[in-house]
Every structure is written in C-alpha cells, then in structure tokens.
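Student: I am new to this structure and would be grateful for a close look at one part of it, the disulfide and its surroundings. Please begin with the overall layout and then proceed to that part.

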Amino acid sequence: HENAIRGILMHLCDIPVEAMNQLHLPNGLPLVYSVKGKCITLLDDGSGKDPMDQHDFGPAAKYLFRPCEITDDFYEEVSQ
C-alpha cells in the first residue's frame, strides 16, 4: 500500500520522482488532503505536540507540507 500512497502523493503534491526516495511516510499517521487548498495537513491528536517534531518525514517533506494555495478562511470570506 505504501507505493500506492506514494504515487498518489506524488501526483497530488507535484513531488518530483527523484525526491520520492527521500520521503518517509510513518505508518498509521493520517494525512489529510485539502482538495480546495491543494495541501496536506496532519490530524491533531490532542497531545499539544507538533507532529512534525515527532515524526521524520525525510528531506522531501518540503514537497509534502507546502502552504495551502487557498485557505478555509478564503471560502468563509467569499460566502459572506
């Protein structure tokens, strides 16, 4: 399943093929993809700890966790 997830992430996040070997995906850690914002976030486990400090995503994490193109605030402002 990991290779399938890598392929999906490569497509959704525009990760170069050569960077995929540098991306570490921890098992059992939910990744949330925002279709509107075109970005990946991690679920808050309620511990108050930053998951980015707890898990090693490797040098290619910069491709996975880029800022969202459009935030939820944008849609709230537009709908008002």
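**The disulfide and its surroundings**

Tutor: The protein has 4 helices and 2 strands, where helices (H or I, at least four residues) and strands (E, at least two) are DSSP runs, numbered from the N terminus. Along the sequence these elements follow the pattern α-β-β-α-α-α. This is a predicted model, in which local features need pLDDT of at least 70 and side-chain atom pairs count only at pLDDT 80 or more, while totals for chains, interfaces and linings use all residues. Residues are numbered from 1 along each chain as its sequence is written, and side-chain values use heavy atoms, with hydrogens and water left out.

Of the 80 residues in the protein, 24% are buried; buried means under 20% relative accessible area, exposed over 50%, and partly exposed in between (1.4 Å probe, protein chains only). Contact means heavy atoms within 4.5 Å. Among contacts between residues at least 6 apart in sequence, 54% join residues at least 24 apart.

We turn now to the part requested. The structure holds 1 disulfide, a term for a pair of cysteine sulfur atoms within 2.5 Å. The disulfide joins C39 to C68, with an S to S distance of 1.8 Å. C39 lies in strand β2 and C68 in the loop between α3 and α4 (72-79), so the pair ties together parts that are 29 residues apart in sequence. Because the torsion about the S-S bond of C39 and C68 is about 65°, the disulfide is right-handed. C39 counts as buried because its relative accessibility is 3%, whereas C68, at 30%, counts as partly exposed. A further cysteine, C13, is in no disulfide; the nearest cysteine sulfur, that of C39, is 8.7 Å away. C13 is buried, with a relative accessible area of 5%.

The strand that carries C39 deserves attention next. Strand β2 (residues 39-42) is joined by 4 bridges to strand β1 (residues 31-34), and the two run antiparallel; two strands pair if DSSP finds at least two bridges between them. Within this pairing, V32 stands opposite T41, and the bridge partner of Y33 is I40. The two strands form a hairpin with 4 residues between them, and K38 in the turn has a positive phi of about 50°.

C39 also belongs to the lining of the largest pocket, together with H11, L12, C13, D14, K38, I40, Y63, L64, R66, P67 and E69. The elements that give two or more residues to this lining are α1 (2-12), β2 and α3. About 160 Å³ of space lies in the pocket. On a 1 Å grid over the protein atoms alone, a pocket is an open set of points where a 1.4 Å probe fits, with protein on both sides within 12 Å along at least five of seven lines; lining residues have an atom within 4 Å of a point.

Finally, A60 has its place in the loop between α2 (51-54) and α3 (61-64). A60 counts as buried because its relative accessibility is 0%. Leaving aside neighbours within four places in sequence, A60 is in contact with A19, Q22 and L23. A60 and Q22 are 38 residues apart in sequence and 5.3 Å apart in space, C-alpha to C-alpha.

Conventions
Points joined across faces, edges and corners; volume = space filled by probe spheres on them.
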